[in-house]
Amino acid sequence: MANTPYELCLEKIYKLGRFGIKLELDTILNILSQLNTPHNNYKTVHVAGTNGKGSTATCIASILNAAGFKTGIYTSPHLVRFNERICVNGQQISDSDAVSAYEAVNAADNRSRKGSRKATFFEIVTAMAFYYFAKEKVEWAVIETGMGGRFDATNIITPKVSVITNLSIEHTAYLGHTIRDLAREKGGIIKPGVPAVTAVSQPSGINKLAEVAKDGASALYRFKNDFSIRKTPGRPTYNYKGIYQNFNGLTKPLPGEHQRENLALALAASELIFEQNKGSDPRYELTREQIHKGLAQVNWPGRLEKIMDRPLVILDGAHNFKASALLGKYLNQTLGNKKLTFVIGILDDKPYEAMLAQLLPRAHRIIVTKAKINRSIEPAVLTAAVRKIFNGELQVIEDVKEAVSYAISTSCKDDAICIAGSLYVAGEAKEKFDMDLIT
């Protein structure tokens, strides 16, 4: 039961989940109209794609902040606290400001409805972010889509740059069954005359994005064609060859070789931002020092996050096929002879059998768990799928925190534990580790 205004506010927000997903823009436009269109008060960058959206958005926001711009960032979902979704200059929205934003947005929704449907969870939270950023007088806001792009609630902005990270099949009931369908939906964030950057590689996907860009007279810059990034020979740094500038000796802020692509996208987007505005403000001078300072500030928990050393505990929100494949590759490359325990729980709208095939070959032991969300796959179903491809030690501990505690207490100091399969599982595990530090 809610005890504080903040807890009561969250209770009301989470209850909006019962309204499901509605892919249309009229509702949020009506709400924001009632709030005097706060999303038009600052410049924006829009980020869509299947994987890497949050990492890319965080890098862009950090570079802008390092240049001296007051910068907001809106991402989803959160790992532990709701407030993670809405940040300004790296600081989460306060509990009291979250309450104020919700009250303003909810009142606007009630005024704007006139017999139409109630706004969904994502529409309300997106409007809260736009409202809060205007209240805080941010100069830039980096906005991550929730799902898709064309009819995503965030797609009421006209950004200065659009970013489409990559594509793999997901949410087929809403986004279609082919890469071309997906490109059409994600490419919906490309606005007329606004440049876009992408790392999409499939021919059908890039061809569709090129069509969308051409129709709107928008420049489309492609990873490996128009900008690239390579490992510095003999050093743990990277050299970026860009659209306008080159930067050598950069440190990748997040682990995993796939983060090279996300870093390159963030740098390309930053180049376009700074080139567009060059001369209008002395802060729009993109330098290596500025990039280095920005990347040093990047913090994106739950993505190949090392929590402990002995035993080695890795937390990763790998929640779809591509992310699982990348995680499996990373573990194969880095764990050596360590015995690996997987603590795993997956949501029921994911290709769980294909994901397990990517993750489990390296496993010595598996603990099946279940996040506290109604979309979680029942442990009995997941266990049956595991047994088709894994003959080793297998246990079921439904409570994520208990599963993690058990995995650690029964592992040797030289072993490894990976907690994965869902951002919600990663979030519950992260909450346990955070509480352990406090207590």
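I373 sits in the loop between β15 and α13; here helices (H or I, at least four residues) and strands (E, at least two) are DSSP runs, numbered from the N terminus. With a relative accessibility of 18%, I373 counts as buried, a word that stands for under 20% relative accessible area, with exposed meaning over 50% and partly exposed in between (1.4 Å probe, protein chains only). Leaving aside residues up to four places away in sequence, I373 touches L347 and Y424, where contact means heavy atoms within 4.5 Å. I373 and I21 are 352 residues apart in sequence and 16 Å apart in space, C-alpha to C-alpha.

A quick word on the model. It is predicted, so to speak of local features pLDDT has to be at least 70, and side-chain atom pairs count only at pLDDT 80 or more, while totals for chains, interfaces and linings use all residues. Residues are numbered from 1 along each chain as its sequence is written, and side-chain values use heavy atoms, with hydrogens and water left out.

**The sheet and its helices**

Let's go on to the sheet that includes β15. Its 6 strands form an open sheet with mixed pairing, in the order β12-β13-β17-β14-β15-β16; two strands pair if DSSP finds at least two bridges between them. At the edges stand β12 (305–309) and β16 (393–396), each with a single partner strand, so one side of each has no neighbour in the sheet. On average, neighbouring strands of this sheet are turned by 15° against each other, direction ignored. Such angles come from axes that are lines fitted to C-alpha atoms, for helices over the stretch in contact, and run from 0 to 180 degrees between N-to-C directions.

Inside the sheet, β14 (residues 340–344) and β15 (residues 365–368) run parallel and are joined by 4 bridges. F342 stands opposite I366 in β15. Helix α14 (residues 400–409) packs on the sheet, touching β12, β13 (312–315), β14, β15, β16 and β17 (416–420), and its direction makes about 160° with that of β15.

In α13 (residues 379–387), the buried residues are P379, L382, T383, A385 and V386. These cover an arc of only 160° around the axis, which puts them on the same side of α13; the arc is that of the directions from the helix axis to the C-beta atoms. There is a simple background to this: an α-helix has 3.6 residues a turn, so residues three or four places apart point the same way. The buried residues of α13 pack against β14, α12 (352–359), β15 and β16.

What about α12? Its M355, L356 and L359 are buried. Seen down the axis of α12, they fall within an arc of 100°, so they line one face of the helix. Among the elements covering them are α11 (321–334), β14 and α13.

| Strands | Sense | Bridges |
|---|---|---|
| β2 and β5 (residues 140–144) | parallel | 4 bridges |
| β2 and β3 (residues 86–88) | antiparallel | 3 bridges |
| β1 (residues 43–48) and β5 | parallel | 5 bridges |

Y74 stands opposite I143 in β5, G72 opposite V88 in β3, and V47 has E144 in β5 as its bridge partner. In β5 itself, 5 of its 5 residues are buried: W140, V142 and E144 point one way, and A141 and I143 the other way.

**Aromatic rings**

A search of the whole structure finds 10 aromatic pairs. Rings of Phe, Tyr and Trp (its six-membered ring) pair if their centres lie within 6.5 Å; planes under 30 degrees apart count as stacked, over 60 as edge-to-face and the rest as tilted. One of the pairs is Y42 and F133, edge-to-face, at 6.2 Å centre to centre with 85° between the planes. Y42 lies in the loop between α2 (26–34) and β1 and F133 in helix α5 (residues 121–135), so the pair ties together parts 91 residues apart in sequence. Both Y42 and F133 are buried.
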